[in-house]
Amino acid sequence: MSDMIDIFLDRFQAAADREAVVVGETAVTYNALLDEIEAWGGRLEAAGLPRGAVVMLKGDFSRDAIAALFALMRAAAIIIPLAPASREMEGEFAAEGRAQWILDAEAGAIEAAGGDGAHALYDQVRGESAPAIVLFSSGSSGRPKGVVHNAARLLEKFRAPGKDLKTLAFLLFDHIAGLDTLFYSLANASTLVLPTSRAPDDVCAMVAAYKVEVLPTAPSFLNLLLLSGAHERHDLSSLKIVTYGSEMMPQSVLERCAEALPHVRLIQKYGTSEVGAPPTQSRSNTSTWMKIGGEGYEWRERDGKFEIKAKTAMVGYLNAPSPFTEDGYFMTGDRIKVDGEYVRFLGRDSDIINVGGQKVFPSEVEDLVSELDCVAEVAVFGEPHAILGAAVVARVRPADPEMKPGELRATIRAHLQGRLEPYKIPQKYKFTDEALSTARGKQVRRSE
């Protein structure tokens with residue numbers, strides 16, 4: 001597996017003057033990217049970094065950050081990527097990850113971080129002379145978990161060639177789906193367009209300007225794009241594929257997206273920081289049922305929950321118990337329905353609301369509320385209730401900020417009457433003008 005980094009570099013060399021990454025008016029060829037990787041290798045050597053060092057890599061999708069990432073992997077470093085959206089967690093992630101060095105890709109600086117780099121999982125990867133990538137959860141539901149991957153094992157899935165498609169790097173640099181996008185694009189000597197903004201109009205403008213063919217994103221962004229009308233103001237005819245994941249896709253948003261982009265193939269993705277991103281195939285453009293798996297992946301349903309075994313699975317958590325079964329399946333906590341080869345996700349166990357002994361899946365309520373044009377976003381969660389145990393609460397971002405809360409509440413309740421059992425209809429509503437999803441594409445379901 002350790003030869004995969006050399007395979008990537010050999011493909012870069014073969015691609016020569018093809019564009020590897022593009023940002024604004026600047027295009028970086030594969031030869032130029034190789035030169036930058038060599039330059040970063042020299043900087044690492046000059047700074048005295050030993051093989052197996054634990055390095056926090058601060059950066060976003062850019063020539064410098066991508067080159068630094070490959071230079072660190074070539075040096076068998078243990079890498080903790082940190083995107084700008086995660087900067088407020090820098091201290092915590094560095095401490096949890098035992099970072100010995102901090103590399104700021106954009107500033108070109110390397111400095112000592114004070115960590116000891118000691119952990120049994122790190123020693124395990126070092127023993128294989130492989131680099132590691134450490135990804136942290138957002139911590140929205142507790143202490144962030146440090147996920148340790150053998151990076152050579154993650155790269156192994158790209159040994160076989162894929163399709164050459166110009167792709168927009170919408171997802172984050174320290175997110176498993178963002179790294180998957182990066183590695184897939186570079187493994188196939190494709191062009192990765194680096195966004196200067198992730199606002200709907202700006203993203204659509206970049207798709208039009210650079211003839212982007214693949215847009216990997218999240219349901220919340222697609223909803224914002226449709227509400228903004230940005231897809232009507234820009235030429236998106238080059239777009240062939242839109243992939244979506246990270247959070248539940250409301251059926252109404254999926255149907256509106258299929259109608260707005262009839263020439264585009266919509267593909268639901270599934271992945272976790274712990275096992276990576278297996279291949280998926282949606283049943284249709286308007287279906288949330290999908291096939292999951294392929295070579296190196298197996299899944300099963302157990303007690304109504306999804307479990308998956310993957311060659312790309314993490315080595316383990318830095319700071320939490322193992323989530324694997326004795327026979328090697330990752331216990332995701334995701335509730336599912338199965339129809340032959342297809343699976344549909346209902347929501348995580350931790351999201352289920354228990355109302356007087358009856359279960360409410362937030363996604364079921366959110367799907368129906370999202371059908372209303374007056375609702376931009378909705379997140380449903382539970383709050384303690386003295387009699388029922390929990391009450392269903394809906395936090396709503398109105399499409400029209402001027403709409404009166406009482407009117408919006410009445411509209412939602414009328415829409416849900418007769419379509420949901422009474423115990424599933426929210427008893428309490430909270431209105432906000434703030435986004436209800438994180439930069440990582442995760443829906444925020446919490447009381448405050």
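Mentor: Terms first: axes are lines fitted to C-alpha atoms, for helices over the stretch in contact, and angles run from 0 to 180 degrees between N-to-C directions. Helices (H or I, at least four residues) and strands (E, at least two) are DSSP runs, numbered from the N terminus. This is a predicted model, where local features need pLDDT of at least 70, side-chain atom pairs count only at pLDDT 80 or more, and totals for chains, interfaces and linings use all residues. Residues are numbered from 1 along each chain as its sequence is written, and side-chain values use heavy atoms, leaving out hydrogens and water.

Trainee: At what angle do the axes of α3 and α7 cross?
Mentor: Roughly 85°, with the axes of α3 (residues 63-74) and α7 (residues 176-187) coming within 13 Å. The two helices are therefore roughly perpendicular (65 to 115 degrees).

Trainee: Which residues make the contact?
Mentor: Ile66, Leu69, Phe70 and Met73 from α3, and Leu179, Leu182, Phe183 and Leu186 from α7; contact means heavy atoms within 4.5 Å.

Trainee: Which residues touch the most other members in the largest nonpolar core?
Mentor: Phe8, Phe12, Phe70, Met73 and Phe183, in a core of 53 residues. A nonpolar core is a set of buried (under 20% relative accessible area, 1.4 Å probe, protein chains only) Ala, Val, Leu, Ile, Met, Phe, Trp, Tyr and Cys residues joined through side-chain atoms within 4.5 Å. Helix α3 gives the largest share of this core, nine residues.

Trainee: Where is confidence lowest?
Mentor: In strand β22 (residues 358-360), at a mean pLDDT of 83, on the predictor's scale from 0 to 100 for each residue. The chain mean is 91.

Methods. Parallel < 35°, antiparallel > 145°, perpendicular 65-115°, else oblique. Buried < 20%, exposed > 50% of the residue type's maximum accessible area, 1.4 Å probe, protein only.
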